[in-house]
Amino acid sequence: SSVFGCYVEDNTSRKRVFMFFYLFVIALALPSNAFSLYVAWQHIRKKNELGVYLFNLALSDLSFIVGLLLWLDFLWNGVWVHGGFVCIFSINVLFTNFYTSEALLCCIAFDRYLAVVHPFKYMVCRKIATATSVSVAIWVVVICFNATTITWEDSYHEDSSHPLCFHTFLPLSDHLARISMVRFSLGLIVPVLLVMFSTWSIYKAVGSNQATEEQERKQIFKLLTLVLLCLLICFGPTHIIMLLQTQVQDCRNATWLLYLNKISVAISILNPLMDPFLYCFITASGKANISQIILFCKQKRTHRVS
């Protein structure tokens with residue numbers, strides 16, 4: 001790879017690795033999130049508020065996957081040919097997925113906290129209407145925050161031969177450095193603390209409740225542990241790199257940080273792949289629906305053979 005200005009241009013072999021990785025994620029995430037929509041809708045039909053958060057989570061992931069298709073050409077050629085407005089829109093889609101996903105993950109964890117620790121209190125918080133209002137509020141707040149903080153100057157760089165989109169140029173502008181600090185605090189520290197609080201509170205409540213079945217305990221802890229791991233693995237590296245970038249004044253001595261930034265963004269793209277696994281494939285209803293689909297496919301195959 002080569003470095004010019006303050007950004008790293010990957011060589012062909014490294015581009016190919018990222019390209020196939022993104023294609024792999026897209027190929028798996030599209031059908032799994034489409035199935036998640038179906039499972040979430042089943043929850044909603046049963047008046048389960050959890051379904052509203054699941055539905056919005058899958059919707060966020062699907063919109064991100066569609067937007068990700070725009071990046072494949074740029075990833076391979078290293079030149080953004082879609083113009084500045086599409087660039088800004090794509091970055092908004094990326095960060096909207098990040099923070100709607102994190103907020104919805106927190107909502108699901110907090111919903112489980114209320115259901116287990118305060119099963120007969122705050123019932124209004126666990127209604128379909130409340131979950132819908134909270135989900136709409138999350139979309140509005142995140143979209144407005146991104147619209148006011150993602151600037152043309154920090155996101156799109158154009159010259160006659162090498163237009164670039166969403167590349168990190170060091171040192172960061174004062175505006176982007178401040179926003180990176182806010183994103184680190186609100187996008188990583190707050191969600192992790194909230195999920196840890198919910199997990200610990202549920203652990204204490206379930207441990208003292210002899211009526212809770214052992215299988216139910218394992219299911220709750222598995223769910224919240226995976227929520228926490230998802231936040232740390234998918235969003236932790238990106239936000240840590242954001243924080244480190246605010247301390248760099250000369251990119252010539254920090255090319256390693258630019259490489260790590262590319263890797264951390266690639267890791268964050270695993271989020272649309274992990275969300276369906278977290279909330280559809282480990283719940284009883286999700287497993288039941290998968291079993292029905294597998295059985296249906298087997299019956300169709302048997303019918304064709306006969």
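Trainee: Before we look at anything, what does partly exposed mean here?

Mentor: Buried means under 20% relative accessible area and exposed means over 50%, with partly exposed in between; please also keep in mind that this is a predicted model.

Trainee: Ok, so is Ile240 buried, exposed or partly exposed?

Mentor: Ile240 has a relative accessible area of 42%, so this residue counts as partly exposed, and Ile240 is found in helix α7.

Trainee: Which element gives the most to the patch?

Mentor: That is α8, with three residues.

Trainee: Switching to the inside, how many residues are in the largest nonpolar core?

Mentor: The largest nonpolar core has 62 residues, and Tyr22 and Cys165 are those with the most contacts inside it. Among the elements that give two or more residues to this core are α1 (12-45), β4 (164-165), α7 and α8, while α3 gives the most, with 16 residues.

Trainee: And what does Tyr22 touch?

Mentor: Leaving aside residues up to four places away in sequence, Tyr22 touches Leu68, Leu72, Leu75, Val265, Ala266 and Ile269.

Trainee: Last one, what about the protein as a whole?

Mentor: The secondary structure comes to 10 helices and four strands, and of the 306 residues of the protein, 48% count as buried. The accessible surface comes to about 15600 Å², with 68% of that belonging to carbon and sulfur atoms.

How values were computed:
Residues are numbered from 1 along each chain as its sequence is written. This is a predicted model: local features need pLDDT of at least 70, side-chain atom pairs count only at pLDDT 80 or more; totals for chains, interfaces and linings use all residues. Side-chain values use heavy atoms; hydrogens and water are left out. Buried means under 20% relative accessible area, exposed over 50%, partly exposed in between (1.4 Å probe, protein chains only). A nonpolar core is a set of buried Ala, Val, Leu, Ile, Met, Phe, Trp, Tyr and Cys residues joined through side-chain atoms within 4.5 Å. Contact means heavy atoms within 4.5 Å. Accessible areas come from the Shrake-Rupley method with a 1.4 Å probe; for residues, only the protein chains shown count as cover.
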